[in-house]
Amino acid sequence: MNYLKSMDRRERMLAIAILNGVFIITMFFEWGGGGLRAWDSDASWLVFVVALIAGLMALADAFDYEVPRMPGTGVMAYLTSITLWYVVFSLMDIHDQSWGIIVSLIVAALSTIVATMSWYADRSGS
């Protein structure tokens, strides 16, 4: 955790963007037995869009491009938490979990932690 606290704002935003990009890639991995992937779900396109928007917002923030009318880190923290909840609910639904869903869970959890810490740092002014 000390490493995350020592990161500056740009590094945190780039980490959020990279982790959301990796999450999108892990949606193509096998999540369950029989070749079940995240894309086999009806809501997968929504989670894809959420992760894409969060990643693009993080990239825009990292390169000082202002996103109008949105508190960037708060929205990113919320969007990345949606990806985490999606994976957690998928874990409860899929009976024969594969390695892909575990990788997705780790990436979504890291992304949510970094985004939430960035949001907290912006709110507290540090």
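The model is predicted, so local features require pLDDT of at least 70 and side-chain atom pairs pLDDT 80 or more, while totals for chains, interfaces and linings use all residues. Residues are numbered from 1 along each chain as its sequence is written, and side-chain values use heavy atoms, with hydrogens and water left out.

**Whole chain.** Display the C-alpha trace, which spans about 50 × 30 × 20 Å along its principal axes.

**Secondary structure.** Switch to a cartoon and locate five helices and two strands. Their order along the sequence is α-α-β-β-α-α-α. These elements are DSSP runs numbered from the N terminus: H or I of at least four residues for helices, E of at least two for strands.

**Surface and interior.** Colour by accessibility: 40% of the 126 residues are buried, meaning under 20% relative accessible area with a 1.4 Å probe, protein chains only. Of contacts (heavy atoms within 4.5 Å) between residues at least 6 apart in sequence, 72% join residues at least 24 apart.

**Ser104.** Select helix α5, residues 99-124, and within it Ser104. Is Ser104 buried or exposed? Its relative accessibility is 0%, so Ser104 counts as buried. Next, select Phe23, Thr26, Trp31 and Val87, with which Ser104 is in contact when neighbours within four places in sequence are left aside.

Notes: Buried < 20%, exposed > 50% of the residue type's maximum accessible area, 1.4 Å probe, protein only.
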